Amino acid sequence: MSITDIVAADGPHPDHATELMLFGQFVGAWDLTVTDHFEDGTTRTMRGEWHFGWALQGRAIQDVWIVPGREYGMTVRFYDPRITAWRSTWIGPTSGYVQQFIARQEGDEIVLAGQQPDGRSLRWIFSSITPRSFHWRNVVSTNGGTWRLRQEMEVVRRDPGHIEQLNGGSDVSSNDGNRVT
């Protein structure tokens, strides 16, 4: 048995299947365009990919973020019923960066809130979410009131055609049998 066989799961664990779909809706492969916004007003845009999958007996979502020449990173996210929120940890081995978050749905957005080692507040926000695309942004604040955009991504599902083909465009499943919504 390989580590992939041990870590990967086929779908959400039944104990919290509804809550798990907050991030479970992203299971699959995505293409992205990432734009970094630097403090001097300049930007840098690069292309990459993002892969989400069920993990740890369906109790977690693991994702891998790949932007060649910049970073290969991984996040493990799981729903914690004790706090009625998600715990999320990003690991960026190229940059040596590790960041922990608490994530909740806020209106139509998913907001991951954390604090950087230097004390600044950090939010990673999923917005404009559809079965085929979403927008993601990274904002930071020194005072909790004024937020500066550091990074944003336009993310598009790699194979959006399979979503409509499965159930005639209604409440459908992804090609691995998991609900997409």
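**Entry 1: a buried pair**

I began with Arg-77, which forms a salt bridge with Asp-63, the closest N and O atoms being 2.7 Å apart. A salt bridge here is a side-chain nitrogen of Lys or Arg within 4 Å of a carboxyl oxygen of Asp or Glu. I noted that the model is predicted: local features need pLDDT of at least 70, side-chain atom pairs count only at pLDDT 80 or more, and totals for chains, interfaces and linings use all residues. Residues are numbered from 1 along each chain as its sequence is written, and side-chain values use heavy atoms, with hydrogens and water left out.

Arg-77 sits in strand β4 and Asp-63 in strand β3, 14 residues apart, and the pair links distant parts of the chain. Strands (E, at least two residues) and helices (H or I, at least four) are DSSP runs, numbered from the N terminus.

Are these two buried or exposed? Arg-77 counts as buried at 3% relative accessibility, and Asp-63 is buried too, at 1%. Buried means under 20% relative accessible area, exposed over 50%, and partly exposed in between (1.4 Å probe, protein chains only).

**Entry 2: other salt bridges**

How many salt bridges does the rule give? I found a count of eleven. One joins Asp-15 to Arg-59, with the closest N and O atoms 3.8 Å apart. Asp-15 lies in the loop between α1 (3–7) and α2 and Arg-59 in the loop between β2 and β3, so this pair ties together parts that are 44 residues apart in sequence. Asp-15 counts as exposed at 52% relative accessibility, while Arg-59 is partly exposed at 39%.

I also looked at Arg-82, which forms a salt bridge with Asp-80, the closest N and O atoms being 3.0 Å apart. Arg-82 is exposed at 71%, but Asp-80 is buried at 2%. Asp-31, Glu-49 and Arg-158 are linked in a network of salt bridges.

**Entry 3: the barrel**

Next I looked at the overall layout. The protein chain has three helices and ten strands. The ten strands close into a barrel in the order β1-β2-β3-β4-β5-β6-β7-β8-β9-β10, with antiparallel pairing. Two strands pair if DSSP finds at least two bridges between them.

Where do I see β1 meet β10? Residues 28–37 (β1) and 148–157 (β10) pair in the antiparallel sense over seven bridges. Trp-30 has Arg-157 in β10 as its bridge partner.
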